[in-house]
Amino acid sequence: MGKTHPDTLATVESLAIAYKAQKDYEKAEELYERALEGYEAQFGKDHEDTKRCAKNFKLCLKVSGNSERLAALISSYPGLVD
């Protein structure tokens with residue numbers, strides 16, 4: 001399995017969720033970004049796994065207060081707007 005294998009990406013996203021729960025937003029954001037880039041490369045932006053990861057990443061960015069990064073994510077994924 002490589003860096004963009006679906007199982008690897010799911011594990012990276014799960015780690016991001018765990019770090020978010022521990023309020024380690026910096027690490028969570030790093031992992032969400034890695035997972036999202038992998039999902040995009042593997043499946044494209046319209047795949048359900050990519051969209052789920054983008055939504056989870058958005059929630060993390062909102063909680064962490066990282067508005068600049070949140071705006072960039074929403075510009076890449078207009079469907080994320082509430």
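**Exercise 1. Aromatic pairs**

How many aromatic pairs does the structure hold? Describe each pair.

*Solution.* This is a predicted model, in which local features need pLDDT of at least 70, side-chain atom pairs count only at pLDDT 80 or more, and totals for chains, interfaces and linings use all residues. Residues are numbered from 1 along each chain as its sequence is written, and side-chain values use heavy atoms, with hydrogens and water left out.

Step 1. Start with the rule: rings of Phe, Tyr and Trp (its six-membered ring) pair if their centres lie within 6.5 Å; planes under 30 degrees apart count as stacked, over 60 as edge-to-face and the rest as tilted. The structure holds two such pairs.

Step 2. Tyr32 belongs to helix α2 (residues 25-43) and Phe57 to helix α3 (residues 48-64), so the pair ties together parts that are 25 residues apart in sequence. Helices here are DSSP runs (H or I, at least four residues), and strands are runs of E (at least two), numbered from the N terminus.

Step 3. For accessibility, buried means under 20% relative accessible area, exposed over 50%, and partly exposed in between (1.4 Å probe, protein chains only). Tyr32 is buried at 2%, and Phe57 is buried at 4%.

Step 4. The other pair is Tyr39 with Phe43: the ring centres are 6.3 Å apart and the planes are at 25°, so this pair is stacked. Tyr39 and Phe43 are four residues apart in helix α2, a separation of about one helical turn. Tyr39 is buried at 1% relative accessible area, whereas Phe43 is partly exposed at 31%.

**Exercise 2. A charge and a ring**

Over which ring does the charged end of Lys45 sit?

*Solution.* The test is that NZ of Lys or CZ of Arg is within 6 Å of the ring centre and within 35 degrees of the ring normal. The charged end of Lys45 sits over the ring of Tyr77, at 5.0 Å from its centre.

**Exercise 3. Cysteines**

How many disulfides does the structure hold?

*Solution.* Step 1. A disulfide is a pair of cysteine sulfur atoms within 2.5 Å. The structure holds zero of them.

Step 1. The closest cysteine sulfur to that of Cys53 is in Cys60, 10 Å away, which is too far for a bond. Cys60 is likewise in no disulfide.

Step 2. Cys53 is buried with a relative accessible area of 0%, and Cys60 is buried with 0%.

Step 3. Contact means heavy atoms within 4.5 Å. Leaving aside neighbours within four places in sequence, Cys53 is in contact with Glu13, Tyr32, Ala35, Leu36 and Tyr39.

**Exercise 4. The nonpolar core**

Which residues have the most contacts inside the largest nonpolar core, and which helix gives the most to this core?

*Solution.* Step 1. A nonpolar core is a set of buried Ala, Val, Leu, Ile, Met, Phe, Trp, Tyr and Cys residues joined through side-chain atoms within 4.5 Å. In soluble globular proteins, nonpolar side chains tend to be buried together.

Step 1. The largest core has 18 residues, and those with the most contacts inside it are Tyr32, Leu36, Cys53, Phe57, Leu73 and Tyr77.

Step 2. At least two residues of this core come from each of α1, α2, α3 and α4 (67-76). Helix α2 gives the most, with six residues.
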